[in-house]
Amino acid sequence: HVYLKWNRNFFFECYQAYLDGRAKTDPSLGWYKGEIGFFDFYIIPLAKKLKKCGVFGVSSDEYLNYALTNRQEWENRGQEVVEEMKRAVLSQTNALVKETQEGPLARAAEHNAFTSI
């Protein structure tokens, strides 16, 4: 679940940048396949190399097994997770917009608009 935690954090950052206009493409469109590639071309080969060189002893087997298990879980549930993350970012963003429009910041802005006239 550590993988999912950091994956979500990075997705939130990238998707928020897209919503804010700081990124041109919607990261949710390629996120699932991108993570499969990340496992296949970076994480799993690295875990295999660590196992081969034995730098972490018996833990190297665990790391490779975790990488393979996480990849399989992502393959099974990744598209669903991307949709969940997208909904969560949009929900969070909508809550912030509503807070800004109706909350203390909006009232402060209204007050400042009237006092500066």
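A crossing of two helices is called left-handed if the near helix is turned anticlockwise from the far one by less than a right angle, and right-handed if clockwise. Helices here (H or I, at least four residues) and strands (E, at least two) are DSSP runs, numbered from the N terminus.

The structure is a predicted model, in which local features need pLDDT of at least 70 and side-chain atom pairs count only at pLDDT 80 or more, whereas totals for chains, interfaces and linings use all residues. Residues are numbered from 1 along each chain as its sequence is written, and side-chain values use heavy atoms, with hydrogens and water left out.

The chain contains 4 helices and 0 strands, and its elements follow the order α-α-α-α from the N terminus. Of its 117 residues, 25% are buried, a term that denotes under 20% relative accessible area, with exposed meaning over 50% and partly exposed in between (1.4 Å probe, protein chains only). Contacts are defined by heavy atoms within 4.5 Å. Among contacts in the chain with a separation of 6 or more, 62% join residues 24 or more positions apart.

Helix α1 (residues 2–19) packs against helix α2 (residues 31–53) at an angle of about 135°, and their axes are 13 Å apart. Axes are lines fitted to C-alpha atoms, for helices over the stretch in contact, and angles run from 0 to 180 degrees between N-to-C directions. Angles under 35 degrees count as roughly parallel, over 145 as roughly antiparallel, 65 to 115 as roughly perpendicular and the rest as oblique; α1 and α2 are therefore oblique to each other. The crossing of α1 past α2 is right-handed. In this contact, Tyr 3, Asn 7, Phe 10, Phe 11 and Cys 14 of α1 meet Trp 31, Glu 35 and Phe 39 of α2. These residues comprise 6 nonpolar, 1 polar and 1 charged, where Ala, Val, Leu, Ile, Met, Phe, Trp, Tyr, Cys and Pro count as nonpolar, Asp, Glu, Lys and Arg as charged, and the others, Gly among them, as polar.

A nonpolar core is a set of buried Ala, Val, Leu, Ile, Met, Phe, Trp, Tyr and Cys residues joined through side-chain atoms within 4.5 Å. The largest such core has 17 residues, and Phe 11, Trp 31, Trp 74, Val 82 and Met 85 have the most contacts inside it. Two or more residues each are given to this core by α1, α2 and α3 (59–102), with the largest share, 7 residues, coming from α3. Beyond its neighbours within four places in sequence, Met 85 contacts Asn 7, Arg 8, Phe 11, Phe 12, Trp 31 and Trp 74.

Tyr 15, in helix α1, is buried at 3% relative accessibility. Not counting residues up to four places away in sequence, Tyr 15 touches Asp 26, Pro 27, Ser 28, Lys 86, Val 89 and Leu 90. Arg 71, in helix α3, is buried with a relative accessible area of 17%.
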